[in-house]
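Subject: Structure handover, with notes on one helix and its neighbours

Dear colleague,

I am passing on the structure below, together with some notes on what I found when going through it. Please read them with the model open beside you.

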Amino acid sequence: MSWLWAIIVGLVLGVLARAILPGKQNIPIWLTIIFGMLGALLGNAVAGWIGVEDTRGIDWIRHLLQLLGAILIVGLGTPLYASLRGKQT
């Protein structure tokens, strides 16, 4: 069940990151999910480093860091994917 949850969170974060970033990101949905999952991992790591990985109630700071991580990964990964595919972004 944890893999299913990770895929769902990755999808949500990846889609939100793509919606926030300007322009069109020409990446497939499977890559959006992977980038979202990587962003969540990055956000969790940063939350651990600054000491906010587990707070009372809803972990808003951790969730914001996960979204920022997904934005960073999608922003950096999209041109990389396009260059590997031989397409312009």
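Helices here are DSSP runs of H or I with at least four residues, and strands are runs of E with at least two. Please keep in mind throughout that this is a predicted model. For residues 64-84 the model gives 100% helix and 0% strand, with the end C-alpha atoms 30 Å apart.

Just after H2, Gly51 adopts a positive phi of about 85°.

Which residues of H2 are buried? They are Leu31, Thr32, Ile33, Phe35, Gly36, Gly39, Ala40, Gly43 and Ala47, and these buried residues pack against helix H1 (2-20) and helix H3 (60-85).

The packing of H1 on H2 can be described in some detail: the two helices meet at an angle of about 100°, and their axes are 6 Å apart. Because of that angle, H1 is roughly perpendicular to H2. On the H1 side the contact is made by Trp3, Ala6, Ile7, Gly10, Leu11, Leu13, Gly14, Val15 and Arg18, while H2 contributes Ile29, Thr32, Ile33, Gly36, Met37 and Ala40. By class, the residues of this contact divide into 10 nonpolar, four polar and one charged.

Two residues of H2 may be worth a look on screen. Thr32, which is found in H2, counts as buried because its relative accessibility is 0%, and, leaving aside residues up to four places away in sequence, Thr32 touches Gly10, Gly14, Val15, Arg18 and Ile27. Val46, also found in H2, is partly exposed, since its relative accessible area is 25%. The C-alpha atom of Val46 is separated by 7.2 Å from that of Leu65, although the two residues are 19 residues apart along the chain.

Conventions: Residues numbered from 1 in each chain as written. Predicted model: local features only at pLDDT ≥ 70, side-chain atom pairs only at ≥ 80, totals over all residues. Heavy atoms only, no water. Buried < 20%, exposed > 50% of the residue type's maximum accessible area, 1.4 Å probe, protein only. Contact = heavy atoms within 4.5 Å. Axes fitted to C-alpha atoms, helices over the stretch in contact; angles between N-to-C directions. Parallel < 35°, antiparallel > 145°, perpendicular 65-115°, else oblique. Nonpolar A, V, L, I, M, F, W, Y, C, P; charged D, E, K, R; others polar.
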